[in-house]
Amino acid sequence: MNLAYYDIRHNMGRFLLTCLGLGLLLGVVLSMIGIYRGLVADALTISRTPAADIWVVESGSRGPFAESSRIPGDTREAIARIHGVTEAGSITYQSLETTYKAKKLRLYVVGYEPGRLGGPDKIVKGRAITRSHYEVIADRRTNLPIGEQLVLGRNTFTVVGLTDGQVSSGGDPVIYITLLDSQELQFELAPSAARREIARGNAQKSADLDTVNAVVARLTPQINPTIAAKAIQSWKHLAAMTQQEQENILLRSVVERARKQIGLFTVLLLIVSTVIIALIIYTMTMDKIREIATLKLIGAPDRTIIGLIVQQALAMGMIGFCFGALLIINIQDFFPRRVLLQAEDGLALAGVVMLVCVLASALGVRLALKVDPATALGG
Amino acid sequence: MSDDVQPDVLVKLKNVSKHFGEGDARVDALRDVSIDVYPGQVIGLLGPSGSGKSTLLNVIGCILEPSSGWVSLDGEVVYDGHWLRPDLRKLRLEKIGFIFQSHNLIPFLDCTDNVAIVLNLAGFSSMKAKARAIELLEYLEVDQRRHAFPAQLSGGEAQRVAIARALANRPRIILADEPTAALDSVRAGIVMDLLRKVAAEQQAAILAVTHDEKIYDRFDHIFYLRDGRLETQKN
C-alpha cells in the first residue's frame with residue numbers, strides 16, 4: 001500500500017496547488033538557465049556565423065567584438081594569398097538605432113562582401129544580396145518583412161532575405177548589408193562635418209572609407225590555425241586570433257559579468273527553492289504527526305514512514321518541475337532575449353530537483369522519526 | 001523468570017514500576033504493579049487522572065519502557081529488566097491491537113484501507129488484506145461504509161472501523177484508551193458489547209482505560225489505580 005499515493009489522491013487539490021507554486025519557482029530557475037544559455041549562444045552566434053578559422057584585426061586590439069578594430073580594406077587580399085588560406089572576407093560590425101513604423105529599432109549591422117566569407121550562413125526566406133547597394137538581409141527578430149523599406153543613415157534599403165536566430169551579444173537582431181554600404185554607413189562623415197573638413201583642407205577621400213573591422217579566413221584542414229595566426233602577427237600592423245580565441249574573448253570579456261550574474265542568481269534561486277521545498281515538506285509532515293504516531297503504534301516500520309514523506313517530496317518535485325518546464329517551454333518566445341532551453345539542462349535540473357527534494361525531506365523525516373507513538377494515545 | 005510464563009495468561013506483569021525524573025523531581029507513575037489477564041477477559045483500568053492508567057497501558061503496549069519488573073505478553077517474556085525484543089513495533093504488530101479515544105483512523109485512507117493497512121504491514125498481499133478487511137467490516141456491521149473516508153463517518157461508525165483495524169491481524173491482546181469517551185451512552189454500550197463479543201469469540205484479552213461509569217458493568221474485572229499502585233481488583 002503506497003501511503004504517499006493515497007495521501008496525495010485524498011488531498012489532490014491542495015497538493016496540485018502546492019506543485020503549481022513550486023512549478024512557478026522551478027520555471028523561473030529553468031528560465032534563468034535558459035537566459036544564461038541564451039546569453040552565451042547569442043554572444044557566440046555572430047562570431048560563429050562566418051565559420052572562420054582565423055580572425056585578423058588591428059594590431060594590439062582584441063576586436064572586433066571586445067574592442068574596436070580598424071584595418072585597411074586591402075588586408076583581405078593579403079590574407080587570401082597566405083599559404084593554406086582557402087577563403088577570406090572583410091567584415092564590419094556596428095550597432096545602430098533606426099526608426100521603423102514610428103518605433104525605435106536597435107540593430108547590429110554586419111557589412112560583408114557578397115560571395116565571400118562573412119555573410120549570413122543560412123537565409124530562411126527570400127534571397128541573398130545580389131546588388132552592390134541598398135539591399136539588406138534581416139533577422140526575423142527585426143519583424144521586417146521581405147520587400148520592406150528601411151532607412152539606414154542617409155539611404156533607404158530594401159529587405160530581400162531573412163535569417164533566423166542571428167543576434168548580437170547584446171541581443172540586438174542582426175542585419176547584413178554589403179561592405180560598401182556598411183563602410184559608407186560607418187565611416188562616411190555627415191554632410192555638415194564633410195563640408196567643415198573640406199574647408200579645413202582635409203577632404204575625405206574614398207580611400208579613407210576603405211577600412212574594415214576585421215578579416216575572417218578559412219584554412220585548409222592541414223593548416224594549424226594557431227601557427228597561421230602567429231604567421232599573420234609577424235606583420236606588425238595586424239593581430240590575429242583563432243576562432244577559439246575569439247570565442248574565449250567573447251565569453252570572458254564581453255558577457256562575463258552578465259554570465260556570472262545570471263549564474264549566481266540561478267544558484268541563489270536553487271537555494272531558495274531548496275528552502276521552500278524543505279518548509280513545504282516539513283509543514284506537510286507536521287500536519288500528519290498524529291497519523292505518523294498512529295502508524296508507528298500499529299507497527300509501521302520507519303521505512304514506511306520515510307517512504308511516505310520522501311515519495312511525496314519526490315512527487316511534488318517531479319510534478320512541480322513538469323509544471324515549470326511546460327510553462328517556460330510555452331512562453332519562452334515572449335522573452336525579450338533568447339531563452340535557450342536545452343534537453344541536458346532540463347534533465348540536469350530535474351536531477352537537481354530530485355536531489356533537493358530528498359535533501360529537503362530530511363527535515364520532515366527527522367521530525368517524523370522523532371514522533372512518539374504514545375502521541376496517538378492522546379498523552 | 002521465564003519459568004513464570006503461563007501459556008494461559010495473555011498479559012502478565014510482575015512488580016512493574018515506572019518512574020519519571022530523578023531526585024526531587026522523581027515521579028513514580030507505577031509502583032510494583034502485578035496483574036494477570038486471561039483470554040476472553042475484558043478488563044477495565046480505572047483511576048483518577050495521574051494515577052498511572054495511561055502509563056500502564058503504554059507499558060503493556062510496549063510503548064514505554066518500565067523502570068523495573070517483568071512483563072510477558074501472549075506467552076512471550078518481552079521485558080525482564082530490559083526489552084527482550086529489538087523491534088517493538090513488530091511485536092505490537094504481531095500481538096497487540098489498539099483502539100483509541102478519537103479512533104485515530106488515517107484520514108486519507110477509506111475504511112477498507114484503514115483496516116487493510118495493518119495486514120499490509122504484516123506482509124499480506126493487497127488482495128488478501130482487502131478481503132480480510134471487508135470480512136471484518138461485515139463482522140462489525142459497518143461494511144456498507146467501506147468506501148467512506150473517516151471524515152464521512154459518525155463517531156460510532158468510526159469506532160467500529162477502529163475496532164476492525166485493531167482486530168485485523170488477529171491480536172490476542174487489545175488495548176483501548178477511552179474507547180467510549182466520544183460516544184453517547186447508547187453507542188458506548190454497543191461498542192462495549194462488541195468488544196465483549198470479540199473477546200469471547202476470539203479468546204482475546206481486552207484492557208480498556210476509562211472514566212466512563214456507564215460501562216463499568218461491561219467489564220469482567222476492574223483494576224483500580226491510585227498514585228501508581230494497584231489498589232483493588234474488582235470482579
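Me: How many salt bridges does the rule find across the interface of chain B and chain A?

Reply: A salt bridge is a side-chain nitrogen of Lys or Arg within 4 Å of a carboxyl oxygen of Asp or Glu. In this predicted model, where local features need pLDDT of at least 70, side-chain atom pairs count only at pLDDT 80 or more, and totals for chains, interfaces and linings use all residues, the rule finds one across the interface of chain B and chain A. Residues are numbered from 1 along each chain as its sequence is written, chains are lettered from A in the order in which they are written, and side-chain values use heavy atoms, with hydrogens and water left out.

Me: Which residues form the salt bridge, and how far apart are the closest N and O atoms?

Reply: B:Arg89 pairs with A:Asp302, and their closest N and O atoms are 2.6 Å apart.

Me: How many residues does each chain bring to the contact?

Reply: Contact means heavy atoms within 4.5 Å. Chain A brings 26 residues and chain B brings 24.

Me: What area is buried between chain B and chain A?

Reply: Buried area is the accessible area (1.4 Å probe) that two parts lose on being put together, summed over both. Here the value is about 2300 Å², with 65% given by carbon and sulfur atoms. On the side of chain B, the residues that lose the most area to chain A are B:Arg89, B:Phe108 and B:Leu121, together 31% of what that side buries.
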